[in-house]
Amino acid sequence: MANYVAAVDQGTTSTRCMIFNHSGEPVGIHQLEHEQIYPKPGWVEHDPMEIWARTQDVIKGALKQAGLTAADIAAVGVTNQRETTVVWDKNTGKPFYNAIVWQDTRTDKICKELEGAVGQNRFRDKVGLPLATYFSGPKVKWMLENVDGLREAAEKGDAIFGNIDTWVIWNLTGGPKGGAHVTDVTNASRTMLMNLKTLNWDDEILGIMDIPKSMVPTVKPSSEVYGYTTEDGPFGGKIPVSGDLGDQQAATVGQACFDPGEAKNTYGTGCFMIMNTGTKIVPSESGLLTTLCYKFGDEPAVYALEGSIAITGALVQWLRDNLDFFDFSPHIEDYAKSVDDNGGVYFVPAFSGLFAPYWRSDARGVIAGLTRYVKKGHIARAALEATAYQTREVLDAMNKDSGVELKALKVDGGMVYNDLLMGFQADVLGVPVVRPKVAETTALGAAYAAGLAVGFWKNTDEMRENWGMDKTWDPDADSNASTELYTQWKKAVTRTFDWVE
């Protein structure tokens, strides 16, 4: 009897497989990291073959841990780091180049050229996005212009493109032997190539970027059977692959944010706040993205406003790996607690420029306010506080665009187990911060989408019933985090501007 749903969660720094029961509780999990490749300043790449190898390993590991086989799994969902771009040969399954990661800034010149006389918002009415290095379309254009033999292969129809969801689903469903070349509306909406109204590729933008239409995957709902796993694949049996959501949209589904006005914030490599706006497309006047939230089967598409922050958890990782501040990421909280405040230090981690609400590719990271008084603990605390301040900037923009004042913020992701950060986050926002019992909601959202497609869960009400609160942090009325400290943060942000000529 198939009593479980599996989810492959392919993230920026690691891949995991989680297996859930009908109550949304994890019964098996396995996770492995993959290499971060930095060929030049501002360039970030992953090896797609390594990602596929890790995917196979974590699937086998999760099944083994749970003591399950393919016969126990009703459906498989996939969620992924969005905007990370892969182009491969459909006949061999070999990538033409490393995956270009969402944080990569090499397409800055292409984006400037695409702006022309119109500016950064040239395509925003159609796609809901500003022209920025973040998105997939310019990355494909860069590959076509710079990778030997790729343009010729694309014109012949041999080269195909996808975000990581497409790459994983294609391989899970057979690869060169008939794998499904698909993506869902949430991932397609991050390419800068999909029209928000038609929910399909925009021929005019494809033409402007000179991307052959034969390269792009078929756009599907987030919950639908796309194909089946293969007997010789990592699941070892034929299972419907029936859920596909970009990681932040998956977390929104996992948090059961199914009503307009409900919002969540995911604390991972970056930070991503999404507010459900229902079936209405809400243009942003405040530097947010208008994007897809999800589309379940034949039901109308649900849209969202999103605030994207490039560097949050990655800043902790940078302090650990590049500066040897500590051996393990959780240790940052111990150092931050060793001091009473930030000592006047503000850390603006604009390593990939600034995302929402600024969209400044010319910005670079800054530590401001240094004096002889400052110790390691102050810098650790400033690094954590940067996440909270950036989230406040996004929430302010979201309140302005939506006209909805958020009453509480649902949070998830790896950093939500940092009590110091979550308490400070509540102080900076002035609203309660709520952590659910299952904090890894990204994988859960992918499982929900997959299970819904095959009737494992009948509707969103069943999913909402699974949501449970684990902990709430209420704002401290005496804190100056939302006033003086936040004002100083805004001042520090201006010091990052115009660094790259």
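**View 1. Helix 12 crosses helix 13 in a right-handed way.** The crossing is called right-handed because the near helix is turned clockwise from the far one by less than a right angle. This is a predicted model, where local features need pLDDT of at least 70, side-chain atom pairs count only at pLDDT 80 or more, and totals for chains, interfaces and linings use all residues. Residues are numbered from 1 along each chain as its sequence is written, and side-chain values use heavy atoms, without hydrogens and water. Helix 12 (residues 376–402) and helix 13 (residues 419–429) pack at about 40°, with axes 9 Å apart. Helices here are DSSP runs (H or I, at least four residues), and strands are too (E, at least two).

**View 2. Meet the residues where helix 12 touches helix 13.** Among them are Leu-384, Ala-388 and Leu-395 of helix 12, and Leu-421, Phe-424 and Val-428 of helix 13. Contact means heavy atoms within 4.5 Å. By class, this contact has 9 nonpolar, 3 polar and 3 charged residues.

**View 3. The largest pocket has a volume of about 960 Å³.** Its lining counts 39 residues, and Thr-13, Tyr-267, Gly-268, Thr-269 and Gly-414 lie closest to its centre. Lining residues have an atom within 4 Å of a pocket point on a 1 Å grid. Helix 10 gives the most to this lining, with 5 residues.

**View 4. The second largest pocket has a volume of about 540 Å³.** Tyr-38, Val-44, Trp-318, Asn-322 and Phe-351 are the closest to its centre, out of 22 lining residues. Here, too, helix 10 gives the most, with 4 residues.

How values were computed
Axes fitted to C-alpha atoms, helices over the stretch in contact; angles between N-to-C directions. Nonpolar A, V, L, I, M, F, W, Y, C, P; charged D, E, K, R; others polar. 1 Å grid on protein atoms, 1.4 Å probe; cavity = no way out; pocket = protein on both sides within 12 Å on 5 of 7 lines; lining within 4 Å. Points joined across faces, edges and corners; volume = space filled by probe spheres on them.
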